[in-house]
Amino acid sequence: MQLRVNGHFIDVPEEVQTVAALVDFLALQSKVIIVEQNGVILQADEHERAIQPSDSFEIVTFVGGG
Amino acid sequence: MLTIGEKQFTSRLLLGTGKFTDFDVQQQAIAASETEILTFAVRRMNIFEPTQPNLLEKIDVSKYTLLPNTAGAKTAEEAVRIAQLAKASGLCDMIKVEVIGCDRSLLPDPIETLKATEKLLELGFIVLPYTSDDVVLARHLQELGAHAIMPGASPIGSGQGVINPLNLQFIMEQSTVPVIVDAGIGTPADAAYAMQLGADGVLLNTAVSGAQNPIQMARAMKYAIEAGRMGYEAGAIPKKEYGIASSPQKGMSPIG
C-alpha cells in the first residue's frame, strides 16, 4: 500500500493496518512524535486508527528551538 | 516565585534549546542554568533516519515544563496548527506564540500574534505570546487573557540586549500577568538589566548556546537573573544629576 509521509511516497507492507503499525514500521515507536492523518491531528491515544491506501501523514517531533 | 497559569517556578530563567552544537554540552548547560522551563520547536520527523538522537531522549522530561513554540508560522492559522500538534504529544499545555512578520528583523507580526493568542486561549492553552515591545499591543494581549507577555529586548539572536528599556518598563508597570523578556539578550548584564527593570523572567537561547563556553554562560545567566531580581525587589536608589557624598561632609581633621 502506498502512503504519503512527510511529503514522501512510501510503500508499506499489507500488514500495516493502523497508525501505530505505521509508526512501528518506520521504527519511530520509541520517539516523541505527533501524527497528523489526512489533516487530522491524532492524540497520543488515537494511534489505533486504521489507515487506508493513499492516506497522507505528517509526523512531527520536538527539536531544539528558542 | 514565577507563576504562569497555575504552575509555579522557582527559576526565572526560561532556556531555549536551539543551536547547541553538542548534546553533552547542552545537557550540562541546562543543568547549570537551573531552569525549569525549556522551549522547543516543532518540526517534521526525519523518517529516513529514525535513530537520530533527540534532546527529549537525553533529559528527564518530568523535571521540566516544556514550552513549545510556534516558530516557523507566519500566520495565526499556522501557529494554531503547530500548537495543536505540540499539545497532541500529551507532554505540554503551554505554548509560546511566535508569528514572525519580517524575515530580516525577525520581528513578530502583531496582528497575527493577537489572532493566534485569542484562538489558542479559546482552545484552552496556556498562552505566552512573544511580542514586540509595543505597550498597547501588550495590553491587548493581556486583555485577551494571555498568561504571560513576552516582549523582545531586541531582535531574536541579535545579542543587542535591551534597546528600549522605557517601553519594557511601561509594559511591566501595566501588566497583571508575568512579563518575560524574550529575545535579544546577549550578556548576563543584559539579563540582569531586564530583571532590574522589573521583568518576571527572561527567556534566552543563543546567548547560551552560541557562547564560547555555554555551560559557564548558563551559570552566569542564572546568577544574573537572580541578582537582577533581587535588585529590583530591594528597590534601587533614584538617579540624581550630581554627586552626593557617601562620607560625612563635617568633622574633617585639618593638616597641622
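Student: Which residues does the UniProt annotation "domain: Thiazole synthase ThiG" cover in chain B?

Tutor: According to that record, an unreviewed entry, the annotation covers residues 3–248 of chain B; UniProt positions follow the numbering used here, feature names are shortened, and annotations may be inferred rather than shown by experiment. The model is predicted, so local features need pLDDT of at least 70 and side-chain atom pairs count only at pLDDT 80 or more, while totals for chains, interfaces and linings use all residues. Residues are numbered from 1 along each chain as its sequence is written, chains are lettered from A and ligands numbered from 1 in the order in which they are written, and side-chain values use heavy atoms, with hydrogens and water left out.

Student: What makes up the secondary structure of chain B, over that span and as a whole?

Tutor: Over residues 3–248 the chain is 39% helix and 16% strand, with the end C-alpha atoms 45 Å apart. Chain B as a whole comes to nine helices and ten strands, where helices (H or I, at least four residues) and strands (E, at least two) are DSSP runs numbered from the N terminus.

Student: How do you know that the radius of gyration of chain B agrees with that of a compact globule?

Tutor: The radius is taken over C-alpha atoms, and the globule rule is 2.2 Å times the number of residues to the power 0.38. For 256 residues a compact globule would have a value near 18 Å, and chain B has 20 Å, which agrees. Along the principal axes, the C-alpha atoms of chain B fill a box of roughly 90 × 40 × 35 Å.

Student: Why is Thr117(B) called buried?

Tutor: Buried means under 20% relative accessible area, exposed means over 50%, and partly exposed lies in between (1.4 Å probe, protein chains only). Thr117(B) has a relative accessible area of 0%, so the word buried applies. This residue lies in helix α4 (residues 110–122) of chain B, and among the residues that it touches are Val97(B), Leu141(B) and Ala146(B), where a contact means heavy atoms within 4.5 Å. Of the 256 residues of chain B, 50% count as buried.

Student: Where does the record place an active site, and is that residue buried or exposed?

Tutor: The UniProt annotation "active site", again from an unreviewed entry, covers Lys96(B). Lys96(B) is found in strand β6 of chain B and has a relative accessible area of 3%, so this lysine counts as buried. The residues that Lys96(B) touches include Gly66(A), as well as Tyr130(B) and Asp182(B).

Student: What makes Lys7(B) and Asp93(B) a salt bridge?

Tutor: A salt bridge is a side-chain nitrogen of Lys or Arg within 4 Å of a carboxyl oxygen of Asp or Glu. In this pair the closest N and O atoms are 3.5 Å apart, and the salt bridge is formed. The pair links distant parts of the chain, with Lys7(B) in strand β2 (residues 7–9) and Asp93(B) in the loop between α3 (76–87) and β6 (94–97), 86 residues apart. Lys7(B), at 34%, is partly exposed, and Asp93(B), at 31%, is also partly exposed.

Student: How do you know that Asp103(B) and Lys74(B) tie together separate parts of chain B?

Tutor: Their side chains meet in a salt bridge, with 3.0 Å from N to O. Asp103(B) lies in the loop between β6 and α4 and Lys74(B) in the loop between β5 (65–68) and α3, so the pair ties together parts that are 29 residues apart in sequence. Asp103(B), with 56% relative accessibility, counts as exposed, whereas Lys74(B), with 45%, is partly exposed. The whole structure holds 15 salt bridges over all chains, and Glu34(B), Lys222(B) and Glu226(B) are linked in a network of them.

Student: Why is the aromatic pair of Phe62(A) and Phe40(B) called tilted?

Tutor: Rings of Phe, Tyr and Trp (its six-membered ring) pair if their centres lie within 6.5 Å; planes under 30 degrees apart count as stacked, over 60 as edge-to-face and the rest as tilted. The structure holds one aromatic pair over all chains. Phe62(A) and Phe40(B) are 6.0 Å apart from centre to centre, with 55° between the planes, and the pair is therefore tilted. Phe62(A) lies in strand β5 (residues 56–64) of chain A and Phe40(B) in strand β4 (residues 37–44) of chain B, so the pair joins two chains. Phe62(A) is buried at 1% relative accessibility, and Phe40(B) is buried with a relative accessible area of 1%.

How values were computed. Lists of a residue's contacts leave out its neighbours within four places in sequence.
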